[in-house]
Amino acid sequence: MRRVVSRVPRPIRRQQLSIHSLALGLLLSFIPAMVGAEQPNPLPPSEASSSSSSIEAPHILVLPPEIATEVEEIEQQVDAVLNRGEDRSPEDLQSLIQAAERAVLLRTQHQGKTWWETITAQNNLQDIRTWVTLSAESRAAWREASALHEQVNELRRKGKDAEALPLAQQALAILEKLLGPAHPDTAYSLNKLGMLYYSQGQYARAEPLYERALTIRENVLGLNHPNTATSLSNLALLYMDQGQYAQAQPLYVRALAILEKVLGPDHPSTATSLNNLASLYKAQGQYAQAQPLAERALAITQKVLGPEHSDTATGLSSLAGLYQEQGAYQEALPLLQQALQIRETVLGSEHPDTATSLNKLAELYRQQGQPAQAQPLQKRALAIREKVLGPDHP
C-alpha cells in the first residue's frame, strides 16, 4: 500500500509515517497526528545541517542527487502498477522488475543492505515479482485494497472514523488472503484498523492489531525502520491512555531513538515522537522532563513545516498544556488561541482536532474563573463531536 504523506522528496512505495504515524493522538491535543502518515524520508542535508538542535546529528544515508532521481523514478513506476492501477504489458513488467533490481542495487551500494530505504526497495522488488505471477482477479483485489485504504485515509482526515471502519476491515481481509499474515502491507492494514478502533475507544480490539503489526514490522522491516517506530508509538499511546505508563515509556523511548537515528533530530516525525514522550511525562506530572521535549518539538515543526501547519498547532497545544498544569495560565492562553486558529484554517471548523482545541481553550478559561468565555467554546466542541463522531463516542 502507498504509505507516505511526507513533506520532503521520498521514494514512493511502501513508505508509511506520522509515525503519526505517525496520526497519533487522535483527538488528543498533546500528541500530533502521526499515524497514517507513516515513514517520511530524511530531510535534505542542507536542512538537517542548519538545525539549531543541541542533539548531535546522526549520519543519515542519503543517495547522491543523480542516483536519487533515478531511484525515485523507478519507485514511481512500481507505485503506478501496484497502487494506481496502471496496466503494463508482460514485457514492460519484466523491464520494471529489472529496474526495481537496479534500485535495490543502488541503495545497497550507497546506503547499505540494512538501511531502511534499502529494505523498502527490497520489498518493492519482491512485490512486483509477486504481481507478475498473479491472476487478473488477484491483481484487481490488490488494487481494491489500496483504493479502500485511500478512502479510509480521506475519511479519517474528515474525522469520520466510524465510516472508515468497515472499509479498513475489508482491506485487511483482502490483504491477509492475498499476501498472507506476515506481509508489510498486512501490517499497514492492521495498523490502520487498530487506529480506527483506538480512536473510538475500543482499546481491547486495537491492542492485538497493533501488536501483530509491530511483530511483522520488526521481523520483515527490521528494528530500525520508521514503520517499526510507528507501531511502537501506537502501542505506547494505547498503554498510556489506559494509565499503563511503565509499559508505554520504553516503547516511546525506543521509537524516538529510531527516528533520530534514521530520519534525523530535526525531522517532523522526530518532533511527533518528542511530543509523544513529553505527553507521557506530563501525564505523570513530570513537567521538568516534559517541557524541554515539547519545546524542542515545537521548534522543529515551526522551522520545518511552518507556523500555519497542523503539527505546529499540536506543538503549541502541547506546550500550553504543560503551562496549564503548572498554573501558568497567561503563558498558555496565546498558545491555545493560536492552535485553535491554525486548526480552524487548516482542518476546518468541524474537525475533531478543532473540537479538542475548543475544549482546551474552554478549560483554560474555566481555570481562570471565566465561565462566560468557556461555555460557548465547550458547547461548540460538543456539537462537533456529536456530529462527526456520534453521541455515543467516549
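Tutor: A salt bridge is a side-chain nitrogen of Lys or Arg within 4 Å of a carboxyl oxygen of Asp or Glu. This is a predicted model, where local features need pLDDT of at least 70 and side-chain atom pairs count only at pLDDT 80 or more, while totals for chains, interfaces and linings use all residues. Residues are numbered from 1 along each chain as its sequence is written, and side-chain values use heavy atoms, with hydrogens and water left out.

Student: How many salt bridges does the count come to?

Tutor: The count is 16 salt bridges.

Student: Which residue does Glu 117 meet in a salt bridge?

Tutor: Arg 107, at 3.9 Å from N to O. Glu 117 lies in helix α4 (residues 116-133) and Arg 107 in helix α3, so the pair ties together parts 10 residues apart in sequence. Helices here are DSSP runs (H or I, at least four residues), numbered from the N terminus.

Student: Is Glu 117 buried or exposed?

Tutor: Glu 117 is buried, with a relative accessible area of 5%. Buried means under 20% relative accessible area, exposed over 50%, partly exposed in between (1.4 Å probe, protein chains only). Arg 107 is buried too, at 3%.

Student: What network does Glu 117 join?

Tutor: Salt bridges with shared partners link Glu 75, Arg 107 and Glu 117 into one network.

Student: New topic. Which residue pairs with Arg 102?

Tutor: Glu 70 forms a salt bridge with Arg 102, and their closest N and O atoms are 2.4 Å apart. Arg 102 sits in helix α3 (residues 90-111) and Glu 70 in helix α2 (residues 65-82), 32 residues apart. Arg 102 counts as partly exposed, at 38% relative accessibility.

Notes. Helices (H or I, at least four residues) and strands (E, at least two) are DSSP runs, numbered from the N terminus.
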